[in-house]
Amino acid sequence: MKNIALIPMRGGSKSIPNKNIKNFLGKPLCNWVLKAALQSKFINQVFVSSDSDKILNTASKINKKI
(Lines give C-alpha, C1' and ligand atoms only; values in the text may rest on other atoms or scores of the structure.)
Protein backbone atom coordinates (compact mmCIF):
# COMPACT_ATOMS: atom_id res chain seq x y z
CA MET A 1 0.00 0.00 0.00
CA LYS A 2 1.24 3.49 -0.88
CA ASN A 3 0.85 6.29 1.66
CA ILE A 4 1.07 9.98 0.85
CA ALA A 5 1.26 13.03 3.10
CA LEU A 6 -0.36 16.34 2.21
CA ILE A 7 1.09 19.17 4.27
CA PRO A 8 -0.82 22.48 4.09
CA MET A 9 1.27 25.59 4.85
CA ARG A 10 -0.52 28.93 4.90
CA GLY A 11 1.42 32.06 4.10
CA GLY A 12 -1.23 34.41 5.44
CA SER A 13 -1.06 33.63 9.15
CA LYS A 14 -2.74 36.35 11.20
CA SER A 15 -0.36 36.22 14.15
CA ILE A 16 2.97 35.49 12.42
CA PRO A 17 3.00 36.12 8.64
CA ASN A 18 5.05 33.55 6.69
CA LYS A 19 5.73 31.62 9.89
CA ASN A 20 6.46 28.45 7.90
CA ILE A 21 9.64 29.99 6.48
CA LYS A 22 10.76 31.80 9.65
CA ASN A 23 13.91 30.40 11.21
CA PHE A 24 13.43 28.05 14.15
CA LEU A 25 16.63 26.67 15.66
CA GLY A 26 18.57 27.75 12.56
CA LYS A 27 16.25 26.27 9.91
CA PRO A 28 12.90 27.25 8.42
CA LEU A 29 9.95 25.95 10.46
CA CYS A 30 8.70 23.93 7.48
CA ASN A 31 12.05 22.10 7.40
CA TRP A 32 11.22 20.20 10.58
CA VAL A 33 7.84 18.97 9.33
CA LEU A 34 9.09 18.07 5.85
CA LYS A 35 12.15 16.27 7.15
CA ALA A 36 10.05 14.14 9.50
CA ALA A 37 7.56 13.28 6.74
CA LEU A 38 10.25 12.50 4.15
CA GLN A 39 12.17 10.27 6.54
CA SER A 40 9.11 8.38 7.78
CA LYS A 41 9.03 4.72 6.81
CA PHE A 42 5.23 4.94 6.59
CA ILE A 43 5.07 7.76 3.99
CA ASN A 44 6.00 7.16 0.35
CA GLN A 45 5.35 10.63 -1.06
CA VAL A 46 5.06 14.12 0.41
CA PHE A 47 3.08 16.99 -1.13
CA VAL A 48 3.00 20.59 0.10
CA SER A 49 0.07 22.90 -0.52
CA SER A 50 0.39 26.64 0.02
CA ASP A 51 -0.95 30.01 -1.03
CA SER A 52 2.60 31.43 -0.91
CA ASP A 53 5.23 31.05 -3.61
CA LYS A 54 7.94 31.75 -1.00
CA ILE A 55 6.81 28.78 1.06
CA LEU A 56 6.57 26.51 -1.98
CA ASN A 57 10.09 27.52 -3.10
CA THR A 58 11.52 26.91 0.37
CA ALA A 59 9.77 23.55 0.63
CA SER A 60 11.06 22.41 -2.76
CA LYS A 61 14.64 23.34 -1.78
CA ILE A 62 14.31 21.37 1.46
CA ASN A 63 12.88 18.39 -0.42
CA LYS A 64 15.90 18.35 -2.76
CA LYS A 65 18.38 18.46 0.17
CA ILE A 66 16.88 15.53 2.05
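A polar contact here is a pair of N or O atoms within 3.5 Å; within protein, one must be able to donate a hydrogen and the other to accept it, and residues adjacent in sequence count only if both atoms are side-chain atoms.

This is a predicted model, where local features need pLDDT of at least 70, side-chain atom pairs count only at pLDDT 80 or more, and totals for chains, interfaces and linings use all residues. Residues are numbered from 1 along each chain as its sequence is written, and side-chain values use heavy atoms, with hydrogens and water left out.

**View 1. Serine 52 and the backbone of isoleucine 55.** A polar atom of the serine 52 side chain lies 3.3 Å from the backbone nitrogen of isoleucine 55. Serine 52 itself sits in the loop between β4 (45-50) and α2 (53-65). Helices (H or I, at least four residues) and strands (E, at least two) are DSSP runs, numbered from the N terminus.

View 2. Is serine 52 buried or exposed? It's buried, with a relative accessible area of 10%; buried means under 20%, exposed over 50%, and partly exposed in between (1.4 Å probe, protein chains only). Leaving aside residues up to four places away in sequence, serine 52 touches Gly11 and Asn18, a contact being heavy atoms within 4.5 Å.

**View 3. The setting for the close-ups.** Follow the sequence and you'll read β-β-β-α-β-α, which gives two helices and four strands. Of the protein's 66 residues, 24% count as buried. Take the contacts between residues at least 6 apart in sequence, and 69% of them join residues at least 24 apart.
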